[in-house]
Amino acid sequence: MRLAIRLLFVAGLAAVVLPGRAAAGTETVVLETTPITVSAYEVARGIRLAPSPKVDGYVVGMSAEVVDVLGNPVPMQDVMLHHVVFAKVGVPDSTCSSIEDYSGNASNLRAERFYAEGEEHFALSLPEGYGYPNRGADTWGLLYMLMNHHPHSMVVRIRYTIRYVTGEPLTAVKPVWLDVKNCRADPVFNVAGTGKPGATVSRTADFRIPESGRFVAAGGHLHGGGISLDVTDTSCGSLFTSYPTWGLVFPHPVLHEPGPLHMTGFADPTGRPVRAGDTVRLTATYDNARPHVRVMGIMIMYLAPGPASSCAAYSSALPAPSTAEQVSIELLKRPSGPLHRDIRSTWIGDYAFGAQRVSLRRGASFTWRFRGGVEHDVTLATGPAGFASASMRTGSFTYRFTRPGTYRLFCSLHPARMTQVVIVR
């Protein structure tokens, strides 16, 4: 419930501006969040209210970026916009009625996710004549994750640019959020990476379409190691496949595996029909020849409701060939202290692993017990098999080491302060 309480409390403090009247036309609205402090070599993530247009209209385009306190764009090599999700508070989401926050607490707060952007910089651009309806009295919120690649703290804002149509009717679209780990603030999973060269692994999730209509636009989000993201109507075939393009100039030090430079999307005024009651399946496919941890598979689609008596399969063009550069995650702090042989657990507290150097027999299970007031996780940097825990303040996480070798681990939220090495013999 903490997620709901925080948003509703802030919403209660926000000034209520009633919708006004505006001349017909398209305008560009530029808005910013309040300042966000990102500590040195660390991750800042959270949820807050977001300013929104205060006249009735339609969102027809949207993009986001990180800026400094003077309004200058901040390069991703300094502070990376890992992801930001915008939602309309008080409006039910199409695929999720209860969102789990970063601590694993469920909230029944109604919030419609309508736009998101990550490392691939997806910019919403709806086909002409279509728009996402917004009232001047609507309340927007956002969920963000920023990564600081500098040895000093930085204060930034998230600036978002909206193309906004007022004074004329458009065909309204509804956002449909598809996620293989839906209804989580941190919807991640792990790829062990233990397959042979060319091996892949897929995760799927099914969603029932509540009303007929046409999908007129879509954009996808994958992480490093991603191969494709496909949306299929199980009665008709593929509706759209999003593919990554690689070549991102990634920051140093490398604190996580870089994501795609771009993901293919579509904007089609004719649309791709679906019928009420159809099952739409999202499939995220990743390389399984090497580990990929804390990855995602998300597609946001925009549905124009209306009659649809039939459906069809669609093919998606492959992007120009590109190859992701293989990188190694650096441990910014060398694990220290005595080598603990054949212990089965340790604590992980505020900015420290209890036992930083551990030696285990192959097949042993090891447990991390979380304590303290700050969220942490256990994440593989490099090693024979990929795994990561959820972010937690309390609770425990257990992993069985079935492959020998050296596992270099860290907390992905505090990588400069929290590291561990586990040697499996």
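Cys236 counts as partly exposed, at 23% relative accessibility. This residue belongs to a predicted model, and the structure holds two disulfides. The protein chain comprises one helix and 34 strands. Its radius of gyration is 22 Å, close to the 22 Å that the globule rule gives for 425 residues, so the chain is as compact as a globular protein of that length.

**Disulfides and cysteines**

- Cys236 is joined to Cys311 by a disulfide, with an S to S distance of 1.4 Å.
- Because Cys236 lies in the loop between strands E18 (226-233) and E19 (237-242), and Cys311 in the loop between strands E25 (297-305) and E26 (339-341), this pair ties together parts that are 75 residues apart in sequence.
- Cys311 counts as buried, at 19% relative accessibility.
- A disulfide also links Cys96 to Cys183, with an S to S distance of 2.3 Å.
- Cys96 is in the loop between strands E5 (79-89) and E6 (99-100), and Cys183 is in the loop between strands E14 (174-179) and E15 (189-191), so parts 87 residues apart in sequence are tied together.
- Cys96 is buried, at 7% relative accessibility.
- Counting bonded cysteines along the chain, the disulfide pattern is 1-2, 3-4.
- Cys411 has a relative accessible area of 0% and is buried.

**Overall fold**

- The C-alpha atoms fill a box of roughly 70 × 50 × 35 Å along the principal axes.
- Of the contacts with a separation of 6 or more, 78% are between residues 24 or more positions apart.

**Surface and charge**

- Buried residues make up 54% of the 425 residues.
- The chain exposes about 17700 Å², of which carbon and sulfur atoms supply 53%.
- The mean positions of the 40 positive and 33 negative charges lie 11 Å apart.

How values were computed: Residues are numbered from 1 along each chain as its sequence is written. This is a predicted model: local features need pLDDT of at least 70, side-chain atom pairs count only at pLDDT 80 or more; totals for chains, interfaces and linings use all residues. Side-chain values use heavy atoms; hydrogens and water are left out. Helices (H or I, at least four residues) and strands (E, at least two) are DSSP runs, numbered from the N terminus. The radius of gyration is taken over C-alpha atoms; the globule rule is 2.2 Å times the number of residues to the power 0.38. Buried means under 20% relative accessible area, exposed over 50%, partly exposed in between (1.4 Å probe, protein chains only). Contact means heavy atoms within 4.5 Å. Accessible areas come from the Shrake-Rupley method with a 1.4 Å probe; for residues, only the protein chains shown count as cover. Lys and Arg count as positive and Asp and Glu as negative; His and the chain ends are not counted. The place of a charge is taken as NZ of Lys, CZ of Arg, CG of Asp or CD of Glu. A disulfide is a pair of cysteine sulfur atoms within 2.5 Å.
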